[in-house]
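Please look at the model below with its secondary structure and domain boundaries in view.

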Amino acid sequence: MARSARPVLSSLGPVALDRAGAEPLHRQLYRALRQAVLDGRLRPGERLPPSRALATEWVLSRNTVVTAYDTLLAEGYVTGRVGAGTFVATSLPDAAPGGSAGRDEARRGVGLSARGRALAEAPSITRDRVGRPFALGTPDLGAFPFALWAQLLGRCWRQGGRVLATEPDPLGHVPLRTEIAAYLRAVRAVRCEPEQVVIVSGAQQGLALMAQLLLDSGDEAWVEEPGWPGNRAALLGAGARLVPVPVDGEGIDVAAGMARGADARLALVTPSHQFPLGVTMSLARRLRLLDWAAARDAWIVEDDYDSEFRYAGPPLAALQGLDGAGRVIYVGSFSKVMFPALRLGYVVVPPDLVEPVRAARRHFDGGTSVVPQAALHRFLADGHFASHLRAMRSLYAVKRTAILASLANAFAGFATAEPGEAGMHVLLRLPPDCPDQLLAERAARIGLTTPPLSTYYRTDGGSAGNGLLLGFAAHDPAALDRAVRDLARLATG
C-alpha cells in the first residue's frame with residue numbers, strides 16, 4: 001500500500017486531554033492516537049503529523065508528543081525511520097476482535113461491576129521488561145544458576161512425576177511449606193508452623209486473596225502514602241475504600257491513620273523496607289499499629305517484598321513476630337531473590353484463617369502449580385537458596401555502593417540520593433524546578449527507566465514527592481555509572 005505524504009491532523013478529530021488530571025499528558029495522547037488507529041481514522045500506511053506540528057496544534061510540549069509516538073512505536077502501532085516520518089503500521093498488534101479496542105471499551109466501564117471499574121481505572125506502574133538501566137525490582141539474572149534450576153525441575157519430574165501430576169493441596173506443596181516455615185522462623189523471626197503457610201502464584205495473588213477474604217465492599221483500608229499501586233489495586237478489587245496514610249521517617253503514621261480512618265478493617269504496610277521511600281518502621285510505630293489492630297479487631301497485612309537484601313546488619317525481625325493477638329498476615333515472594341517469572345510467593349496466616357483460606361483456594365483456582373514448588377523445595381532444602389542469597393547480598397552491596405558514588409559525583413549540589421538500609425533501589429530527590437515526571441519522560445527517550453516518585457502518591461506529594469527511583473541490581477557498576485552520567489546531563493543541562 002502506498003504511503004500518504006499528507007499529514008493527518010484533521011482526521012484525528014477532537015481530542016479531550018485532561019490537563020489537570022493525574023494521568024500524564026503523554027499517556028492521554030498515546031491512548032487517543034492508538035484509538036484513532038484502531039477506529040480507522042488513522043489508516044494503515046498513513047503518515048502521522050510531525051511531532052512539532054501536532055504539539056503546536058494541540059498546545060503541548062514536543063517532548064509529550066515524542067514520548068507518545070515512542071510508546072506507539074514500541075507497541076507496534078506505528079513504524080518510522082529518521083528523516084521519513086512516522087506512519088501507521090500496516091499490521092496492527094490488536095486488530096483482531098477482542099483486541100485493544102475491546103479492552104478500551106471495558107476500561108470505560110461497559111459491562112463492568114463497580115469493583116471492575118475501580119480496578120480498570122486504578123493508576124498502575126508499567127514494569128520495564130527489557131532490562132534497561134534503573135528498572136525496578138529486576139534482579140541480576142546473569143547471576144542465577146539456571147542450569148541447576150533445570151536439573152532440579154528434571155529430577156522432580158523423574159522422581160515424583162506421578163505424584164506431582166495429581167490434584168494439588170490448595171495450600172501448597174507440603175515439603176515446600178515446611179522449608180519456608182523453618183526459614184522464616186530462623187531468619188525473619190516469624191512465628192509460624194507449616195500448616196499456616198500458603199503458597200500462592202506471587203505475592204500479588206496473596207494480597208488479593210486476603211483482601212477478598214477479609215474485606216466487605218465499602219470497608220476502609222489503610223494504605224501507605226506513597227505506596228505501591230499493585231497493593232492498592234488488590235484492595236480495590238475487594239471493594240475497599242482506601243485511606244491514604246502518610247509515611248515519615250519512622251514508617252506509617254499510625255496517629256494520622258487513626259484520625260483519617262479509625263474504624264478501618266485492614267492496614268497494608270511494608271515495615272521492613274517501605275516502598276518507595278525505603279524507610280524502616282520504628283519499634284514504637286510497630287507496637288502502636290499492633291495495639292490499634294487488636295483494639296479495633298482489624299487486620300494488618302505485612303508485605304515483606306525485599307527485606308532479604310539488607311546492607312546494615314542482619315535482616316530485621318518481622319512485624320508478625322511481635323504480634324500476640326493473631327492480627328498480622330505476612331506476605332513474601334521469591335521473585336526478587338531468584339527470577340521474576342518464577343511467580344511463587346507465600347502467605348503466613350493466623351491459625352484461625354487456615355481453613356477459610358483452604359476453602360477459598362478450592363473455589364478460586366485450586367492451588368498453585370506443583371512442579372515449580374517441588375523444585376523450589378529442593379532448592380531450599382539442599383542449601384542452594386541460602387548460598388544464592390548470600391552471593392546476591394554481596395553483589396548488590398557492591399552495586400549499591402557504586403551507584404551512590406556515581407550519584408554523589410554526577411549530581412553534586414543539584415540532587416541528593418537516599419539509599420535506605422535495604423532493597424534494590426535508591427531514591428534520588430530532585431529540586432522543585434526539575435519535575436520528576438518530565439525528567440523521566442526525557443530519560444525514557446535515551447533508554448533509561450526512571451519511575452517518578454510522584455506517581456506513587458494518591459494525593460499531591462508536593463516537593464517531598466519529587467524524585468526518581470533508581471534500581472541498581474540488574475546492571476554492573478560501569479553501566480550504572482554511564483547511565484547516571486547520562487541522567488545527570490538531562491537533569492542539569
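In this predicted model, the strands β11, β12 and β13 form an open, antiparallel sheet, arranged in the order β11-β12-β13. The edges are taken by β11, which spans residues 416–418, and by β13, which spans 467–471, each of them pairing on one side only. From one strand to the next the twist averages 30°. Strand β12, made of residues 425–429, is joined to β13 over five bridges in the antiparallel sense, and within this pairing Val426 has Leu470 of β13 as its bridge partner. Helix α14, residues 384–410, packs on the sheet and touches β11, β12 and β13, while its direction makes about 15° with that of β12.

To place these elements in the whole protein, consider its division into domain 1 (25–88), domain 2 (116–124 + 161–382) and domain 3 (388–492). The centres of domain 1 and domain 2, taken over C-alpha atoms, are separated by 41 Å.

Which residues is Trp149 in contact with, leaving aside its neighbours within four places in sequence? The contacts of Trp149 are Phe144, Met338, Phe339, Leu342, Pro372, Ala375, Leu376 and Phe379.

Key:
Residues numbered from 1 in each chain as written. Predicted model: local features only at pLDDT ≥ 70, side-chain atom pairs only at ≥ 80, totals over all residues. Heavy atoms only, no water. Contact = heavy atoms within 4.5 Å. Domains from an automatic or database assignment. Pairing = 2+ DSSP bridges. Helix = DSSP H or I, 4+ residues; strand = E, 2+ residues; numbered from the N terminus. Axes fitted to C-alpha atoms, helices over the stretch in contact; angles between N-to-C directions.
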